[in-house]
Each structure stands twice: as structure tokens, then as C-alpha cells.
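Please look over the chain shown below before reading on.

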Amino acid sequence: MKKLIVTTADNKFAVGCAVLLYSLKKNMSIFDECDVKVFYTNLSDENKQLIKSVCPKATIQIPENFDYCKGIKTLYGEDNQDTYLCLESFKQKEYDRVVYIDTDMLCIGDISDIFSEDLQYDIMACTGTKKVNKKARHYDGIAKFNAGFMVVGKKHLDNNKTYNDLVSIVKRAKETMRGDQYKVLHKTSATFNDQDAIRIFWTRRPVYILPDFYNFKNFAHGPTEKDFKETDQLFRENLKNIKIIHYSGKRKPWANKTDRSKRPRDGKIPGMYDVCSVADPDQMNKSLAMHIWHEYYEECFGKKCINNWYKHDKTMSWAE
């Protein structure tokens with residue numbers, strides 16, 4: 001079986017990409033058997049070298065065609081469509097199986113089993129629900145799964161057919177938008193992202209849902225301190241089974257605080273599109289998941305990751 005790991009990077013996420021690859025190299029028993037590709041649209045030579053210093057075999061490349069999503073408003077803002085880079089995973093027809101992993105993830109357990117011959121499914125992913133899903137299930141279609149971790153089988157790689165179908169969905173979203181609203185199934189949205197195209201495509205197609213341990217997002221969630229404490233405890237209780245931590249949303253361990261000092265303009269919340277950031281630094285300092293990422297960074301680079309909020313103090317505790 002020819003295996004490929006795909007992730008993405010830009011100048012804000014390059015550090016996250018490097019630490020992700022380090023964590024995969026450390027914990028995957030078959031990492032040496034896998035090729036690695038990192039897709040980007042905006043990445044400096046310095047950051048390319050940073051990634052290569054951790055994973056020399058990584059191929060760092062620009063997509064051949066990225067015009068299809070030009071001008072679409074995404075969760076990254078008006079002029080950043082990097083969310084669509086994950087679709088490059090479906091354009092790797094020379095491989096037998098591809099795993100796509102978001103840059104804001106960290107591998108803390110062996111995920112080599114996703115390449116097992118026993119798992120002959122067209123696509124595998126996680127739902128990422130609020131309640132931890134601990135069992136694998138096969139569905140004929142599913143309303144939504146999280147695209148941050150996907151295992152793509154040969155059926156969706158052959159002839160680039162699935163890739164082309166997903167691109168067509170994105171193009172159609174631009175053509176059918178009304179005013180400033182995109183149509184996503186039976187609802188409308190101010191943005192249209194990779195997740196929306198994937199949701200539309202797989203609503204009526206088979207999906208194998210993995211346990212949330214392959215895409216664990218249930219940690220340090222608010223809005224109240226009680227909520228933060230409870231979800232951190234949930235993370236700790238499941239830690240022995242967790243394989244991948246997903247630092248989704250404004251929970252990037254390496255990034256700086258979201259700037260909310262400016263007044264709203266045109267109805268937009270300050271820092272709304274600052275996706276590489278942290279919104280609740282006081283709570284994140286108490287999160288075990290944050291401490292784990294910083295441990296991996298120090299192992300990888302031999303120094304501490306410095307930003308404007310993380311205190312490097314594991315003794316911090318939740319207020320009673």
C-alpha cells in the first residue's frame with residue numbers, strides 16, 4: 001500500500017505544522033513508510049526550512065489549480081481561501097490511501113492502524129460532537145463530520161473524480177449565492193468553506209466514523225469557567241485513549257491573544273478572522289492539552305515557545 005500524509009501551512013501556521021510533523025514522526029510506528037506533502041499558498045523560505053528541519057522528506061508545494069475558490073468568503077476572511085487546501089488530499093491518485101491532518105493538530109498516540117488492510121473504507125473521519133464518541137460506526141450518509149482528520153481510500157483518489165466533484169460544489173456555491181449569502185444544503189451562510197463542500201458531498205454517501213480519539217476537540221471549552229474546568233477534566237479522563245488533539249478555533253498554542261481592542265466595524269467583531277490566535281488565555285494556561293503541545297515544541301526545538309499569554313506554569317489550577 002502506497003501511503004501519504006497531507007497537511008497544510010502558511011506563515012502563521014508553520015510552527016504548528018512543524019510540531020505536528022514532529023509528533024507524527026515520534027508516535028507513528030510506520031511513519032517512515034509514509035510520504036508527506038505540505039500544501040501552501042503563502043509560505044516564506046524561512047518557514048519552509050523550519051518545516052524541512054523537522055521533516056526533511058516532506059514535499060512542500062503550491063496547488064496546481066487554486067483559482068476555483070478565488071473570491072469566496074471563508075472563515076479566514078475576505079481574501080484567504082486556505083481552508084480549501086485540504087481538498088488537495090483527494091487529488092493524490094498515485095496513492096492507495098491518504099490521511100489528511102489539520103495543521104492545528106498534535107499526534108500523541110500511534111495512528112498507524114488507519115492504514116490497516118482491515119479498514120477498507122472509502123473515507124474515514126470523526127464527527128467531533130460535544131459528547132465523546134467512543135465507537136466506530138458505518139453510515140450510508142452523514143449530515144456532518146469534521147474535515148480536520150480524514151482518511152481517504154482508493155475510491156475517492158482514482159481519476160481525481162471526487163476532487164473534481166468537490167471543486168464543482170465550490171464553484172456552484174459562488175454561482176448560486178444570493179446577495180452576500182451562500183447556500184449550504186437547506187440553509188444560508190455568510191461564508192462557504194471546505195467543510196461545507198464536504199458536508200454537501202457526503203450527506204448521502206457512505207462514511208466510516210472513527211472514535212473521537214482520532215480528532216479530539218473536547219477540551220478547554222467555555223464560555224463559563226465551570227465549562228472550561230469540566231471539559232478539561234473530560235480531556236484528562238480520556239487522555240490514555242486520545243491519539244490526536246485538535247486545537248480548533250481560537251486555541252492555537254503557539255499563537256498570540258486575539259486583539260479585541262478595536263471597536264466593531266461594519267458589524268464585524270474585532271479579531272473575528274484572527275483564526276491563528278487564542279481567545280481565552282487565562283483558561284488556556286490551565287489546560288492540560290496546551291501544556292502537552294508546549295512539551296512537544298520544547299522536545300522538537302530544544303527551547304520554549306514564547307508568545308504573549310502562555311506562562312509555562314503547569315501548577316496553575318482552576319479557581320474553585
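The model is predicted, with local features requiring pLDDT of at least 70 and side-chain atom pairs counting only at pLDDT 80 or more, while totals for chains, interfaces and linings use all residues. Residues are numbered from 1 along each chain as its sequence is written, and side-chain values rest on heavy atoms, with hydrogens and water left out.

**The sheet**

An open sheet of 8 strands runs in the order E3-E2-E1-E4-E8-E6-E11-E7, with mixed pairing. Strands here are DSSP runs of E with at least two residues, helices are runs of H or I with at least four, and both are numbered from the N terminus; two strands pair if DSSP finds at least two bridges between them. Strand E3 (59-61) and strand E7 (137-139) stand at the edges with a single partner strand each, so one side of each has no neighbour in the sheet. On average, neighbouring strands of this sheet are turned by 25 degrees against each other, direction ignored.

Strand E6 (residues 123-126) pairs with strand E11 (residues 207-209) in the parallel sense over 2 bridges, and with E8 in the antiparallel sense over 4 bridges. Within these pairings, Ala125 stands opposite Ile209 in E11, Met124 stands opposite Tyr208 in E11, and Cys126 has Asn146 in E8 as its bridge partner. In a regular strand the side chains alternate between the two faces of the sheet. In E6, Ile123 and Ala125 point one way and Met124 and Cys126 the other way, and all are buried, where buried means under 20% relative accessible area, exposed over 50% and partly exposed in between, for a 1.4 Å probe and protein chains only.

**Helices across the sheet**

Helix H1 (residues 14-27) lies across strand E1 (3-8), strand E2 (34-39) and strand E4 (97-101), and runs at about 155 degrees to E1. Helix H4 (residues 194-202) lies across E6, strand E8 (146-152) and E11, and runs at about 55 degrees to E8. These angles, from 0 to 180 degrees, are taken between N-to-C directions of axes fitted to C-alpha atoms, for helices over the stretch in contact, and contact means heavy atoms within 4.5 Å.

**The largest pocket**

What is the volume of the largest pocket? The volume is about 1100 Å³, taken as the space filled by probe spheres set on grid points that are joined across faces, edges and corners. A pocket is an open set of points on a 1 Å grid over the protein atoms alone, where a 1.4 Å probe fits, with protein on both sides within 12 Å along at least five of seven lines, and lining residues have an atom within 4 Å of a point. The largest pocket is lined by 38 residues, of which Leu75, Asn146, Gln195, Ser248 and Gly249 lie nearest its centre. H4 gives the largest share of this lining, 4 residues.

**Buried loop residues**

| Residue | Loop | Relative accessible area |
|---|---|---|
| Thr191 | between strand E10 (187-189) and H4 | 17% |
| Asn160 | between E8 and helix H3 (161-176) | 14% |
| Ala220 | between E11 and H5 | 2% |

Not counting residues up to four places away in sequence, Thr191 touches Lys73, Thr74, Leu75, Tyr182 and Asp196. Most residues other than glycine have a negative phi, and most peptide bonds are trans. Asn160 has a positive phi of about 60 degrees, and phi of Ala220 is near 45 degrees. A cis peptide bond joins Gly222 and Pro223, with omega about 20 degrees.
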